[in-house]
Amino acid sequence: MSGVPLFNLAPNLTVSRLCLGSMSFGEQNTLAESFQLLDQAFHAGINFFDSAEMYPVPQRAHTCGRSEECLGRWISQRKIPRDSLVIATKVLFFCLVAIYVALSLLFSSSCSYCKPRLLDLLGR
């Protein structure tokens, strides 16, 4: 990896100055297209990737989590050491319509709410 400058986001957490978002992976982009974008970003020096439980957009119950699944498959198939990447993700109250984002802010701080969703995210 080379090219994109890195900076320390926190102690012991170095990230690329650019972050690749994945909100189109699994809907607007095929798996192959998503892998191509991820490959190009990673080889350019990007180690910071953004995802969310609600991606891809538009939000639909049957597509929830597809971008995370795509990212997970890419990491696995390319055998990229997990500690070489920084993945930002988010959980939502429901993954159906954007209005639930406001509700998620009310409920998502609860450990009983977040823990099972985070375990789901890690599984993808």
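How far apart are the end C-alpha atoms of helix α2 (residues 66-78), and which span should its 13 residues have at 1.5 Å a residue?

1. The model is predicted: local features need pLDDT of at least 70, side-chain atom pairs count only at pLDDT 80 or more, and totals for chains, interfaces and linings use all residues. Residues are numbered from 1 along each chain as its sequence is written, and side-chain values use heavy atoms, leaving out hydrogens and water.

2. The end C-alpha atoms of α2 are 18 Å apart, which agrees with the 18 Å that its 13 residues should span. The expected span is 1.5 Å times one less than the number of residues. Helices (H or I, at least four residues) and strands (E, at least two) are DSSP runs, numbered from the N terminus.

3. In α2, S67, E68, C70, L71, W74 and I75 are buried (under 20% relative accessible area, 1.4 Å probe, protein chains only). Seen down the axis of α2, these buried residues fall within an arc of 160 degrees, so they line one face of the helix. The arc is taken from the directions from the helix axis to the C-beta atoms.

4. Just after α2, K79 has a positive phi of about 55 degrees.

5. F49 is in contact (heavy atoms within 4.5 Å) with residues including L38, L71, W74 and L85, leaving aside neighbours within four places in sequence.

6. Strands β3, β4 and β5 form an open sheet in that order, with parallel pairing; two strands pair if DSSP finds at least two bridges between them. The edge strands are β3 (19-21) and β5 (86-88). Three bridges join β3 to β4 (residues 48-50), and G21 stands opposite D50 in β4.

Terms used. Buried means under 20% relative accessible area, exposed over 50%, partly exposed in between (1.4 Å probe, protein chains only).
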